[in-house]
Every structure is written in structure tokens, then in C-alpha cells.
Amino acid sequence: MSLLLRRLCSSLPQQPLSRVCCAGDPVLGRVSAPVHWERDGELVARLVSLMTRLLTTRTHKLKKLVSRKSEQGVKLGISAPQLGVNKRMFAFQVPEEAVAKMADSAVFGLAPVPLTFVVNPSVEVTDRSMTLMSEACMSLPDYAVAVQRFAALTLRGSDEKGAPLELPLRGLPARIVQHEVDHLDGLLVTHRMEPSTLVHAAWHDRRKGYNL
């Protein structure tokens, strides 16, 4: 393919995929470009629709969107690159189901966060203390790793309609945002993970079937 043809192809708008991209897909290793509302408005609307389906549909109904049946439980966030589009946009949430599963949620003041769309995000770290916690990712299905993240931040950007957005976040919501912003910068949890912390989400159940 000639250099001119490659440039023409790369300038064509990306279309959202119907499946989540998994580790190894080149789209996950690229730094995403800003959203330009004048030309990307329709693309944003399509991403909103796909992200809503992905984050609000029960796990057993996601076979057409995820590469395989996930064992990672509640879905907390998804970025545009994971849907094949290198644009700076993501969605996140902390549903009541997730809060209920965290035994220490009351101690840390964790409250539900509604499904939120963020376009062209910027992050200002407001508490540089680090916390270590296990993270899963739909682009690394069935696995989890331990990652250090900043404790608190202020998230700024636009919502899915272009209105200004500013959210002070601490704890789990701040962690989710850092995870999703990493996707926009071409980074996966494997780039941030603590050494030797990769585990399969169902290793305990699978061990029951081992013949030792």
C-alpha cells in the first residue's frame, strides 16, 4: 500500500465495533485524538448507545459485545478505544450493585455514581497518596491485576451533549477514571500492574476440578 493511500485510509473516521477489543489489538496501544464536536457528533451518539448497552446489560446477555462470557461481574467503565475508536471519550459508573458488594463501602463513604459519559477529559490529581487495589478490564477478559492509583482527583471535560463537566472524585470512582484515561493514552492495566499480581478471576473454582 502506498504512503498516500495509507494516509487517506488513516484519515477516514473510525466506526465503533460491535465487540470489545482485547489486549494485542493495535487500537489499544494508540494515543487517542480529541473529539471535535463539529464532525464527531454522530460518532459520539453511536458510542453513547454502545457504551450504554455494554454497561447496563446483564453479563449473560453480552455475548455480542464481549469476546467471551466474562466472569468479572459488574461493569464499571468502557473507553472509545476498547470499541475500536481512538477518540478521547469514555463512560463510567458505580452502580448500587457494586456498592453493595464492597464490605467497606460505608467506611470509605462510597456511594453509587450514575452512568456518566466524559468527552475530552482532563484530570487534576488532588490527593497524591497511592492505594493498591485489584482491577479487571474487559480488554483482558477473566483476569485481574493489582494496580497503584492516586486516591483523589478532579475530572473535567464535557458530557455526551457537549455541556461542561467537573466532578471531584475519591476512592473507587477516581480509580475507574484513571483506568479509563489510561486507555485513551494507549495504556492497559498490564502497564501499571504490580509485578506478579496477574490472576485468573475464577482460579479457585477451576482448581476444584484439578486432578492432583
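R175 is buried at 4% relative accessibility, where buried means under 20% relative accessible area, exposed over 50% and partly exposed in between (1.4 Å probe, protein chains only). Its side chain meets that of E135 in a salt bridge (2.7 Å, N to O), a term for a side-chain nitrogen of Lys or Arg within 4 Å of a carboxyl oxygen of Asp or Glu. The pair links distant parts of the chain, with R175 in helix α4 and E135 in strand β3 (residues 113–136), 40 residues apart. Helices (H or I, at least four residues) and strands (E, at least two) are DSSP runs, numbered from the N terminus.

This is a predicted model, in which local features need pLDDT of at least 70 and side-chain atom pairs count only at pLDDT 80 or more, while totals for chains, interfaces and linings use all residues. Residues are numbered from 1 along each chain as its sequence is written, and side-chain values use heavy atoms, leaving out hydrogens and water.

**Salt bridges**

- The structure holds 9 salt bridges.
- E135, the partner of R175, is also buried, with a relative accessible area of 6%.
- D182 and R192 join their side chains in another salt bridge (2.9 Å, N to O). D182 lies in helix α4 and R192 in helix α5, so this pair ties together parts 10 residues apart in sequence.
- D182 is buried at 6% relative accessible area, whereas R192 is partly exposed at 40%.
- A network of salt bridges links E135, R149, R175, D182 and R192.
- R88 and D185 also meet through their side chains (2.9 Å, N to O). R88 sits in the loop between β1 (77–79) and β2 (89–94), and D185 in the loop between α4 (172–184) and α5 (189–192), so the pair ties together parts that are 97 residues apart in sequence.
- R88 is buried, at 15% relative accessible area, while D185 counts as partly exposed at 32%.

**Nonpolar cores**

- A nonpolar core is a set of buried Ala, Val, Leu, Ile, Met, Phe, Trp, Tyr and Cys residues joined through side-chain atoms within 4.5 Å. The largest has 19 residues, and L47, M51, I78, L83 and M89 have the most contacts inside it.
- α2 (37–56), β2 and β3 each supply at least two residues of this core, and α2 gives the most, with 8 residues.
- Leaving aside neighbours within four places in sequence, I78 is in contact (heavy atoms within 4.5 Å) with residues including V20, M51, L83, F90 and E180.

**Strand pairing**

- Two strands pair if DSSP finds at least two bridges between them. β2 and β3 do this in the antiparallel sense over 5 bridges, and F92 stands opposite T116 in β3.
- β3 and strand β4 (residues 143–158) run antiparallel, joined by 13 bridges. V119 has S158 in β4 as its bridge partner.
- The hairpin of β3 and β4 has 6 residues between the strands, and D142 takes a positive phi near 75° there.

**Confidence**

- pLDDT is the predictor's confidence in each residue, from 0 to 100. The protein chain averages 85, and 79% of the residues score at least 70.
- Confidence is highest in β1, at 98, and lowest in helix α1 (residues 3–11), at a mean of 45.
- Over residues 3–12 the pLDDT stays under 50, and the model has 1 contact beyond four places in sequence for them. Residues 60–72 are also below 50, yet this stretch has 39 contacts in the model beyond near neighbours in sequence.
- Where pLDDT is low, the predicted coordinates should not be read in detail.
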